[in-house]
Amino acid sequence: MRSDFYSQQNAASQSSKHPAPLPPQPTTVAANVGKCSPPKPWLTISKVTTGLVISWDMNMKSGTYADIASYQLFAYQEGASPPSTSLWKKISDVKALPLPMACTLTQFSDNNTYHFSVRAVDVYSRAGPYSSPRSVLYV
């Protein structure tokens, strides 16, 4: 019982800081294809004069994973409301091209913090794990 109390306290303290936890992974039926579902991407953010460049890559060992069909990009703008999973919004489905990939996002408000994550979706519609969230103060 004691460990449950500390787990709940730890979860509560984590949920009081931005970024909020990412949405739950969708439940997918395991495809009997002999290939693993997508791995976890890693994400980087670069500021450019026109906005932000969000780029990502993954360790795709040849023959281990099913082909990637697309990437789902998630984001939220930090505001006055407390952190909540509901703040994360899927902002784009990006057709898969050879890695590494990148896209430029524009129309940000100055002096606001934004959080981003990406996940791969394979040709069998299996979503891989989210990248670790990355945050940026846009000035």
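Which strand does strand E2 (residues 51-57) pair with, and over how many bridges? Strand E2 pairs with E5 in the antiparallel sense over five bridges; two strands count as paired if DSSP finds at least two bridges between them. This is a predicted model, in which local features need pLDDT of at least 70 and side-chain atom pairs count only at pLDDT 80 or more, while totals for chains, interfaces and linings use all residues. Residues are numbered from 1 along each chain as its sequence is written, and side-chain values use heavy atoms, with hydrogens and water left out.

**Overall make-up**

- Of the 139 residues in the chain, 35% are buried; buried means under 20% relative accessible area, exposed over 50%, and partly exposed in between (1.4 Å probe, protein chains only).
- Contacts are heavy atoms within 4.5 Å; among those between residues at least 6 apart in sequence, 71% join residues at least 24 apart.

**The four-stranded sheet**

- An open sheet is formed by four strands in the order E4-E3-E6-E7, with antiparallel pairing.
- E4 and E7 are the edge strands, each pairing on one side only.
- Neighbouring strands of this sheet are turned by 25° against each other on average, direction ignored; the axes are lines fitted to C-alpha atoms, for helices over the stretch in contact, and angles run from 0 to 180 degrees between N-to-C directions.
- Strand E3 (residues 68-77) is mostly covered, with eight of its 10 residues buried.
- Nine bridges join E3 to E6 (residues 112-122), where Val118 is the bridge partner of Leu73.
- Six bridges join E3 to E4 (residues 89-95), where Asp93 is the bridge partner of Gln72.
- E6 and E7 are joined by five bridges, and Leu137 in E7 is the bridge partner of Thr113.

- Cys103 in E5 is the bridge partner of Ile54.
- Ile54 also touches residues including Leu43, Leu73, Leu105 and Phe116.

**Nonpolar cores**

- The largest nonpolar core has 21 residues, and those with the most contacts inside it are Leu52, Ile54, Trp56, Tyr71, Leu105, Phe108 and Phe116; a nonpolar core is a set of buried Ala, Val, Leu, Ile, Met, Phe, Trp, Tyr and Cys residues joined through side-chain atoms within 4.5 Å.
- E2, E3, E5, E6 and E7 (134-138) each give two or more residues to this core.
- A second, separate core of six residues includes Ala20, Leu22, Phe74 and Trp88.

**Aromatic pairs**

- The whole structure contains six aromatic pairs; rings of Phe, Tyr and Trp (its six-membered ring) pair if their centres lie within 6.5 Å, and planes under 30 degrees apart count as stacked, over 60 as edge-to-face and the rest as tilted.
- Trp56 and Tyr71 form a tilted pair, 5.4 Å centre to centre with 55° between the planes.
- Trp56 lies in E2 and Tyr71 in E3, so this pair ties together parts 15 residues apart in sequence.
- The ring centres of Tyr76 and Trp88 are 4.9 Å apart and the planes are at 90°, so this pair is edge-to-face.
- Tyr76 is buried at 3% relative accessible area, and Trp88 is buried at 5%.
- Phe108, Tyr114, Phe116 and Tyr138 form one aromatic cluster.

Definitions and conventions. Lists of a residue's contacts leave out its neighbours within four places in sequence.
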